[in-house]
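Today I'm looking up holes and helix packing in one model.

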Amino acid sequence: MLIPHYLHQLKLCARNRTLTTAKSLHAQIVKLGIAQCSPLANTLVNVYGKCGSASHALQLFDEMPQRDHIAWASVLTALNQANLSGKTLSVFTSSNGLRPDDFVYSALVKACANLGTIKHGKQVHGNFIVSEYSHDDVVKSSLVDMYAKCDLVDSAKAVFDSIRVKNTISWTAMVSGFAKSGRKEEALELFRRIPVKNLYSWTALISGFVQSGKGLEAFSVFIEMRREKVDILDPLVLSSIVGACANLAASIAGRQVHGLVIALGFDSCVFISNALIDMYAKCSDVVAAKDIFSRMRHRDVVSWTSLIVGMAQHGQAENAMALYDDMVSHGVKPNEVTFVGLIYACSHVGFVAKGRELFQSMTKDYKIRPSLQHYTCLLDLLGRSGLLDEAENLIHSMPFPPDEPTWAALLSACKRQGQGQMGVRIADYLLSSFKPKDPSTYILLSNIYASASLWGKVSEARRKLGDMEVRKDPGYSSVEVRKETEVFYAGETSHPLKHEIFGLLKEFEEEMRRRKGYVPDTSWILHDMDEQEKEKLLFWHSERSAVAYGLLKAVQGTPIRIVKNLRVCGDCHVVLKHISEITEREIIVRDATRYHHFKGGKCSCNDFW
C-alpha cells in the first residue's frame, strides 16, 4: 500500500507544482528503502521536472541503477521544460544506443525545435520514419511544430498532411507557421478549417501575423475573435496585439487595447506591462511609457531596457543614463539590448567617453560579447563626434566582416564632418566591394562624389542604381488626428483637402525662402528630370502633406505625430525644422530608422539621420 500512496501524493505535487512537498516525500521514500522502485523513481523525475527543478531530476536520473524509456522521457522532458534543450540532446547522446519510443522522440523533436537546430531535427525525423513508431501522430505534431519554428513551412505541411487524427497542437503549429512566413491566405484558409478553435488557435494566427509584419491583418483577426466572444484567459494574445500597435505606431488603438488589458485584470502582468512600455515609446509617448514603468510592482531586465531604449530613441540620453544607473543599483543585470540603447543614446549627445566605457563594461563587467549592432552604435558615436580615424580603425578591428550599413555610416560621418578626401576613398571602396541594396547609399555616394566635383563617378553611382534595379518602396506617411488616422502617399494630389494642403505648404515655402534663404535640395531626387520637376516631387513628399493636414485638423497647440515607412529625406528634414519654428508646434516623426522631435527649428537627432 505504501507505493500506491506515494505515487498518488507525488502526482498531486506534479499537478500543484509543490516542490517542497515533493522533496519531503522523496526523503520519506529514501528512509523507507523503496527509492529504487521504478514507478516511484520515474514519477519523482517527472515531478521535479514539473516543479521546475531540472537539476534534481537529472541528479536522481543519474543515480538510477536501471533506466527504462519512461525514465528517459521524463528527464528529457524535464530538461526541455527548464529551457535546457541543449542538455536534452547531450544527455540523450550518452544513452549508449537507446532505441527511442514515441515519448522520447517527442522530447527530442521538442529540443530541436527550441534550439532551432534543423540539422539535428531532420536526423531525429529520419530515425523516427524507420522506427516502429513512425505512424505516431503525437510525434508528427511535434515535427510540424519544429519545422514551422525553423521556417520550413512546406516541410511542416508535408508532415501535417500525413497526420491521421490532427490534434489542436498540429493545427495551431501549422497556422502559426503559415502566418509567421507571411503566407496570409494559406494561414487564414487553414485556420477556417480548424474543427474546434480555442484561444491558442486565435493567438497563433494573430501573433504569427504580427511577427511577419502584418499588423493590420492581426488587428482584423483580433476584432473577429472579440466578436466571437472568445474568453481571454491567457494574456499572450494581448501582448501580441500590443506589439502590433507598437509596430504600426497606432497610439489610439494602443490605448484602447491598454484599456482592455486593465478591464481583464492583466495590467499587473510583467510581460504585458513591458509590451505597453515599448508600445507607448514607439508611439512617441515617452511620458505614458514612464507612467507604466513607475506603476509596476515587479520589474525585470526587459522592463528597464524597454524604457531605456525608448528614451534613447527619442534623444533623452541623460534620462536613459540615469535610469541605467538606477537599474544597476537595484541589482538588475543589463542585457545585450540594454547596451545597444545606451550606446545609441550616447551618440545623440556626443558622450564619447561614456560610450567607450559602456562598450568595455559589456565584456568586463557582464561577460556580454559585443555584436555587430554594438560595434555599429559605437561607430555612429565616433563618427558623430568627428573621430573618423578611430571609427575606421574600429571597423577593421571588429570580429565581424563589416557590411554595407557599417561602411555607409562611416561615409555619412565623412560627409557631415567635411572630410572629402577620406569620404571619396571610402566611397570608392564601398562602390567597388559591395552591391548596395539601400537606395540611400547611392544618394550618399553621389553626394560625396559631387562635393569633390567627380562628376563621372556621380553618373556611375546613379547609373548603377538603375542597372541593379534597386528601387525604393512607395513612400507614405500617416498622421493621427482626433482619433482618426490619415495616410498620404508620395506624389498624392487627390486628397479632398489637397487645395488647403497645397496652399499651406506654399505659404511655408515662401516663408522659409524669405526667412532662411531656403533652397530645395534636389540631390535627393534620383530621377532624370529638370530641376523644376525635382522640386515638385520634393514638395509632394508624403511627410509634408501629413504635417500640413495635421496642422489644419489637429487641436491647436498639440504635437503633430507622423509615421513614415521610409527614412525622411534630407530636404524634408530641413523643411520640418523650419515648419516647427514657424508654427511654434512640436512635430514628431518616426521614420524607418529613428525618431525625430522637431521643435523650435531644431531636431532631436542633431541633424544626423
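This is a predicted model: local features need pLDDT of at least 70, side-chain atom pairs count only at pLDDT 80 or more; totals for chains, interfaces and linings use all residues.

## Cavities

Which residues line the largest cavity? I looked them up and got Leu505, Phe508, Glu509, Met512, Phe539, Arg544 and Val575. The space inside comes to about 50 Å³. Helix H29, residues 498-516, gives the most to this lining, with four residues. I sorted the lining by class and noted five nonpolar, no polar and two charged residues.

Next I turned to the second largest cavity, with a volume of about 30 Å³. Around it I listed Phe488, Glu492, Thr493, Ser494, His495, Lys498, Ile501, Trp540 and Ser545. By class, I get three nonpolar, four polar and two charged residues for that lining.

## Second largest pocket

Then an open space. I read off about 750 Å³ for the second largest pocket. Its lining has 30 residues, and Asn247, Leu248, Ala249, Ser478 and Val563 are the closest to the centre. Which elements give two or more residues to this lining? I have helices H14 (215-227) and H15 (236-248) down for that, along with strands E1 (476-481), E2 (484-489) and E3 (560-564). My class tally for the pocket lining reads 15 nonpolar, eight polar and seven charged.

On to packing. I noted the crossing of H23 and H24 as left-handed. On the H23 side, the contact is made by Tyr375, Leu378, Leu379, Leu382 and Gly383; H24 brings Leu388, Glu390, Ala391, Leu394 and Ile395. I count eight nonpolar residues in this contact, plus one polar and one charged.

Last pair: H25 (residues 404-417) and H27 (residues 439-451). At what angle do their axes cross? I wrote down roughly 35°, with the axes coming within 10 Å. H25 passes H27 in a left-handed crossing. From H25 I listed Glu404, Ala408, Leu411, Ser412 and Lys415, which meet Thr441, Leu444, Leu445, Asn447 and Ile448 of H27. The H25 contact with H27 splits into five nonpolar, three polar and two charged residues.

Technical notes:
Residues are numbered from 1 along each chain as its sequence is written. Side-chain values use heavy atoms; hydrogens and water are left out. A crossing is left-handed if the near helix is turned anticlockwise from the far one by less than a right angle, and right-handed if clockwise. Contact means heavy atoms within 4.5 Å. Ala, Val, Leu, Ile, Met, Phe, Trp, Tyr, Cys and Pro count as nonpolar, Asp, Glu, Lys and Arg as charged, and the others, Gly among them, as polar. On a 1 Å grid over the protein atoms alone, a cavity is a set of points where a 1.4 Å probe fits but cannot get out, and a pocket is an open set with protein on both sides within 12 Å along at least five of seven lines; lining residues have an atom within 4 Å of a point. Grid points are joined across faces, edges and corners, and a volume is the space filled by probe spheres set on the points. Axes are lines fitted to C-alpha atoms, for helices over the stretch in contact, and angles run from 0 to 180 degrees between N-to-C directions.
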